[in-house]
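The plan is to go through the chain piece by piece and jot down whatever I look up.

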Amino acid sequence: YHEAVPFSGEIPPHDYAVTVNGNSMAPMFTDKQIIFVNRTKEARSGQIVIAKYDGSNVYVKKLVIDEQGYLLVSLNKDYDDLIIDSDHNLEVLGIVVL
């Protein structure tokens, strides 16, 4: 659903905006912060993505691709990484631009 919310600051070119829920990406993004996203199905390692994990839950995480495979990583180390493998699937919905 769509909701108009006040925002102060420069708004970058974007496809949509979402509100962060939780502190897993602190200190970069805080709970209730508005972030702007470009819609895409592809992302590179190191980018902050909006991703659907296991077909249901949607997360804001850092995508890490290395020789061990694919991970969704929280910047707040109180949270575990989400592994993408044959048991867990990933659908990238967009890349965070701010």
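**Starting at a salt bridge**

I looked up Asp31 to begin with, and it is partly exposed, at 37% relative accessibility. One thing to keep in mind as I go: this is a predicted model.

Next I checked what the Asp31 side chain meets. It forms a salt bridge with Lys32, at 3.8 Å from N to O. Lys32 is exposed, with a relative accessible area of 56%.

How many salt bridges are there by this rule? I got two.

**Into the core**

Which residues make up the largest nonpolar core? I count off Tyr16, Val20, Met25, Phe29, Ile35, Val37, Ile48, Ile50, Val60 and Val96, 10 residues in all. Strand E2 (34-39) and strand E3 (48-53) each put in at least two of this core's residues. I also found a second, separate core of eight residues, with Val49, Ala51, Tyr53 and Leu82 among them.

Ile35 is in strand E2. Is Ile35 buried or exposed? Its relative accessibility is 0%, so I wrote it down as buried. Skipping residues up to four places away in sequence, I see Ile35 touching Tyr16, Ala17, Val18, Val20, Phe29, Ile50, Val60, Val96 and Leu98. I also took a distance to Pro12, which is 23 residues from Ile35 along the chain: their C-alpha atoms are 9.9 Å apart.

Val37 was my other pick. With neighbours within four places in sequence set aside, Val37 has contacts with His14, Asp15, Tyr16, Val18, Ile50, Gly94, Ile95, Val96 and Val97.

**Out to the surface**

Leu98 turned up in the Ile35 list, and I followed it. Leu98 lies in the segment after strand E7 (90-96) and is partly exposed, with a relative accessible area of 42%. Together with Phe7, Ile11 and Val97, Leu98 makes a nonpolar surface patch of about 310 Å².

**Two loops**

Where is Gly22? I found it in the loop between strand E1 (16-19) and E2. Gly22 is partly exposed, at 24% relative accessible area. Leaving out residues up to four places away in sequence, Gly22 touches Thr30 and Asp31, which brings me back to the residue I started from. I checked Gly22 against Arg44 as well: they are 22 residues apart in sequence, and 24 Å lie between their C-alpha atoms.

My last stop was Asn76, in the loop between strand E5 (69-73) and strand E6 (82-84). Is Asn76 buried or exposed? Its relative accessibility is 12%, and the cut-off for buried is under 20%, so Asn76 counts as buried. A polar atom of the Asn76 side chain lies 2.9 Å from the backbone nitrogen of Asp78. Not counting residues up to four places away in sequence, Asn76 touches Asn23, Ser24 and Ala26.

Conventions: Residues are numbered from 1 along each chain as its sequence is written. This is a predicted model: local features need pLDDT of at least 70, side-chain atom pairs count only at pLDDT 80 or more; totals for chains, interfaces and linings use all residues. Side-chain values use heavy atoms; hydrogens and water are left out. A nonpolar core is a set of buried Ala, Val, Leu, Ile, Met, Phe, Trp, Tyr and Cys residues joined through side-chain atoms within 4.5 Å. Buried means under 20% relative accessible area, exposed over 50%, partly exposed in between (1.4 Å probe, protein chains only). Helices (H or I, at least four residues) and strands (E, at least two) are DSSP runs, numbered from the N terminus. Contact means heavy atoms within 4.5 Å. Patches are made of residues with over 30% relative accessible area and no salt bridge: like charges are joined within 9 Å, nonpolar side chains (Val, Leu, Ile, Met, Phe, Trp, Tyr) within 5 Å. Accessible areas come from the Shrake-Rupley method with a 1.4 Å probe; for residues, only the protein chains shown count as cover. A salt bridge is a side-chain nitrogen of Lys or Arg within 4 Å of a carboxyl oxygen of Asp or Glu. A polar contact is a pair of N or O atoms within 3.5 Å; within protein, one must be able to donate a hydrogen and the other to accept it, and residues adjacent in sequence count only if both atoms are side-chain atoms.
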